[in-house]
Amino acid sequence: MVILGAGPAGLVLGNLLHGSGIDCVILERASRAHVQTRARAGFLAANTARVLERHGLAEGLRRRGQEHSVCEFRTEDGRFRLDYSLLGRGERHTVYPQQDLVTDLLTRFLDAGGRIRFGTEAVAVLGADSARPSAAVREADGHPRRWQARYVAGCDGRRGAARRSLPPGAVHRHHRDHGVSWLGLLAEAPPSLDAVGYAVHPRGFAGHMARSPEVTRYYLQCERGSSANAWSQDRIWDELALRMRATDHGPLRRGRIVQRSVVDLESDVLEPLRHGSLFLVGDAASVISPSAAKGANLAVLEAEILARALIDDLVRGDPEPLDRYSAQCLTHIWRAQEFSHWMIRLLHDTPGPDGDRSFQAALRRSRLESLRTSRTHQDWFAENYVGV
Ligand code: RFL
């Protein structure tokens, strides 16, 4: 088995297959140091914790993860909080930085004798419509090489070789550009509130998400095409304080901004997620805007589904679960996409056919009011917010 990419998807898959005695190799373009320090997700769903627990991969998460269950909305009408552990299915998030999860999974895989080649870039997947597909790669020393296997798992993200190798027409790409951009920031600053903060403001959305007692992720809606470096540190903090209404609700704890990037809120889903002997997993299968923190959670969920199906096929000789992999994952993916789309419309003015800005703003206010007051709406929100 060849696995492309050592993100959450590839590493969960690798650990599960290796643990079942299936020979596999992970080919990763970046260095070990790079994958272990790439800060991205932080909010892990209850199901993600259960998957990791089930397979003995949750030790770090259990020791260092922080349980989290409150979000706070700040709007022109004031603020309200939802404790989603008391709503819906009563589940919580675990806050655990993605780079720590990746480090745990990587260490576990290598300690168990798993094979991973860093600095090895997949260039193409060849022969996916046959029973002997291969990955053509450029090795760390620049030499080309082929890795052949019974199956290839494309866990190499949205711009990886797996997607690029799909022949025209083999797979349909559903795509949506939400027309909204965020400046994603990582600050060396303690969280400013004990909740995830969503601020809806006439100047645009602002978000606050704890990562650890010392590090906080913030988001600022920005103009499409903005440069991440166009904002000075002072301007960022002033704008965050304004949109989060720090004067009314308490000051922000400022610190050095150590990472910044502009994220265009886009979603796509490939369908089906299988082309012959090639399977798509995680961001390679579907990209979801970070508005509802679903991407890493879907990656882990899909990796477990694929691992189980591969074990059924390769160990027990039953190919049927592999045939169902795509349909099974797509059900979860579309549910997450629908909720993420709903969150985007809750938090922003989105360009599109929904009418002029004042109409949209009034709709959004009504949606927020319903979320503040309706227990039914809150239960629906909680179930979708923390679930994948
Ligand atoms: P990854 O993590 O991108 O890993 C893919 C790996 O493949 C390697 N690679 C290749 N290797 C070999 N050959 C090639 N040709 C290759 N091309 C790429 C890459 O180096 C990399 O190591 O994909 P995976 O495993 O599918 O995991 C997906 C998640 O990383 C992603 O969905 C999340 O980070 C999304 N996301 C969040 N998800 C959550 O569930 N909760 C969150 O709170 C959350 N916050 C976020 C996020 C994504 C963000 N960005 C960067 C868009 C916050 C942000 C700012």
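Two strands are said to pair if DSSP finds at least two bridges between them. In this predicted model, strand E10 (residues 134-138) and E11 pair in the antiparallel sense over 5 bridges. One of these bridges can be followed at residue level: Arg 138 has Pro 144, in E11, as its bridge partner.

The pair belongs to an open sheet of 3 strands, arranged in the order E9-E10-E11 with antiparallel pairing. Strand E9 (121-126) and strand E11 (144-148) form the edges, each pairing on one side only. On average, neighbouring strands in this sheet are turned by 25° against each other, direction ignored. Strands of a sheet pair through backbone hydrogen bonds, and the pairing is either parallel or antiparallel.

Leaving aside residues up to four places away in sequence, Leu 17 touches Met 1, Ile 3, Ile 22, Cys 24, Ala 307, Leu 310 and Ile 311.

The ligand is surrounded by 34 residues, the closest being Glu 28, Arg 38, Arg 40, Gln 98 and Asp 283. For Glu 28, an N or O atom of the side chain is 2.6 Å from an oxygen atom of the ligand. The backbone also takes part in such pairs. A polar backbone atom of Ala 122 is 2.9 Å from a nitrogen atom of the ligand, and a backbone N or O atom of Gly 295 lies 3.3 Å from a ligand oxygen atom.

Arg 74 is the last stop, and it is found in strand E5 (residues 70-75). Arg 74 has a relative accessible area of 3%, and therefore counts as buried, the cut-off being under 20%. Which partners does the side chain of Arg 74 reach? The side chains of Arg 74 and Glu 72 are joined by a polar contact of 2.8 Å. The Arg 74 side chain also reaches the backbone oxygen of Met 244, at 2.7 Å. Beyond four places in sequence, Arg 74 touches Arg 79, Leu 193, Tyr 198, Ala 199, Val 200, Met 244, Arg 245 and His 249.

Definitions and conventions
Residues are numbered from 1 along each chain as its sequence is written. This is a predicted model: local features need pLDDT of at least 70, side-chain atom pairs count only at pLDDT 80 or more; totals for chains, interfaces and linings use all residues. Side-chain values use heavy atoms; hydrogens and water are left out. Helices (H or I, at least four residues) and strands (E, at least two) are DSSP runs, numbered from the N terminus. Axes are lines fitted to C-alpha atoms, for helices over the stretch in contact, and angles run from 0 to 180 degrees between N-to-C directions. Contact means heavy atoms within 4.5 Å. A residue is near a molecule or strand if one of its heavy atoms lies within 4 Å of it. A polar contact is a pair of N or O atoms within 3.5 Å; within protein, one must be able to donate a hydrogen and the other to accept it, and residues adjacent in sequence count only if both atoms are side-chain atoms. Buried means under 20% relative accessible area, exposed over 50%, partly exposed in between (1.4 Å probe, protein chains only).
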